[in-house]
Amino acid sequence: MKELGIVVPMVTPCTRTGELDLDGIRAVCHYVLSAGCHSIFVGGSSGRGPWFSRRDRARVCRAAADFIEPGTPLLAGCMAPGLTDMVENAQAMADSGAKIAVVTAPGYFDYNQSEIETILMKFADAIPLPVMVYDIPVFAKVKLDWAIFQRLARHGNIIGFKDSTADFSRFKSPIRLLDEIPDFQLLQGKERFLVDSLLAGAKGFVVSMVQVDVRPYVALYEATRSGDLELARQLQAKIRQAMDLFDQMFEGRSESSIFFHFLNWSLRHRQICDNILLVHEGDCPPWIAEVGEQTVAIYDRAVSLIPM
């Protein structure tokens, strides 16, 4: 399998009452792919996947599949509270054009590591798509052990691992497996560690902020892969500045609507799509718009570093 590269965890354009905006979905696909990203991921956290029905998630997947080029990898979130729904989600995504099923540890109940391993193995046994395991403790409420990762990686239908733990020292542990399983798709899920992860052997990254401004992320990826590490690290520094602002929004607050308001402001600012918010999230607080404007300025300074 070719390197997945920059995987975009796509937002889901919709009306405030949750009706899908299929033109908006196609517009976001066009925006990120035409700018140099490599893969699309629908139905993940940024796409508010667990909120939508299986039917609507399948419609999002089909809209993306019909728009992108046949060779573009299409990943689809199959997360659910139980194994039966996880498997049925994966079948629906396969029927809708997905090429890779993405799954976390199931939510709602608490599981020990052995139980999670069994569930993920059974999922990989049961579905028609290759599996990307997604480790995101902030939502799954559990962090996978390194020993379990080693065993999951040797399952014939588990082809990759997305690490959103924000623990770079832990991220480096699975890289040792790449000598043994060279096609395994180890992906970084946090914006702060992109250059170091690519240099260590990661096959790409999956980060939400790429949708705020694609250009610094594409340039960082290309500079790292071409060996222009001075430029790559300059861009990484700007991205970290942007993430400092982003993280400050959550000081003393945890509601996910902050994240969606920020992405919505950014996409509207760039005239990519009209809306990704739901009615319960209300109007955008002015302070989030101010952070958006500051973030745009940082990314514009990052773009000014890129040779024309």
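How far apart are the mean positions of the positive and negative charges of the protein chain? Then go to the loop that holds Arg48. Is Arg48 buried or exposed?

Analyst: Charges come first. This is a predicted model. The protein chain carries 31 positive and 37 negative charges. Their mean positions lie 1 Å apart.

Now the overall fold. The protein chain has 12 helices and eight strands. Its radius of gyration is 18 Å, close to the 19 Å that the globule rule gives for 308 residues, so the chain is as compact as a globular protein of that length. The C-alpha atoms fill a box of roughly 45 × 45 × 40 Å along the principal axes. Of the 308 residues, 57% count as buried. Among contacts with a separation of 6 or more, 74% join residues 24 or more positions apart. The chain exposes about 12900 Å², and carbon and sulfur atoms supply 52% of that area.

Next, the loop you asked about. Arg48 sits between strand E2 (39–42) and helix H2 (54–67). Arg48 is not a glycine, yet its phi is positive, at about 55°. Its relative accessible area is 9%. The cut-off for buried is under 20%, so Arg48 is buried.

Tyr108 lies between strand E4 (100–103) and helix H4 (113–126). Tyr108 also has a positive phi, about 80°, without being a glycine. Its relative accessible area is 75%. Exposed means over 50%, so Tyr108 is exposed. Arg48 is buried, whereas Tyr108 is exposed.

How values were computed:
Residues numbered from 1 in each chain as written. Predicted model: local features only at pLDDT ≥ 70, side-chain atom pairs only at ≥ 80, totals over all residues. Heavy atoms only, no water. Helix = DSSP H or I, 4+ residues; strand = E, 2+ residues; numbered from the N terminus. Rg over C-alpha atoms; globule rule 2.2 N^0.38 Å. Buried < 20%, exposed > 50% of the residue type's maximum accessible area, 1.4 Å probe, protein only. Contact = heavy atoms within 4.5 Å. Areas by Shrake-Rupley, 256 points an atom, 1.4 Å probe, with all protein chains shown as cover. Lys, Arg positive; Asp, Glu negative; His and termini not counted. Charge placed at Lys NZ, Arg CZ, Asp CG, Glu CD.
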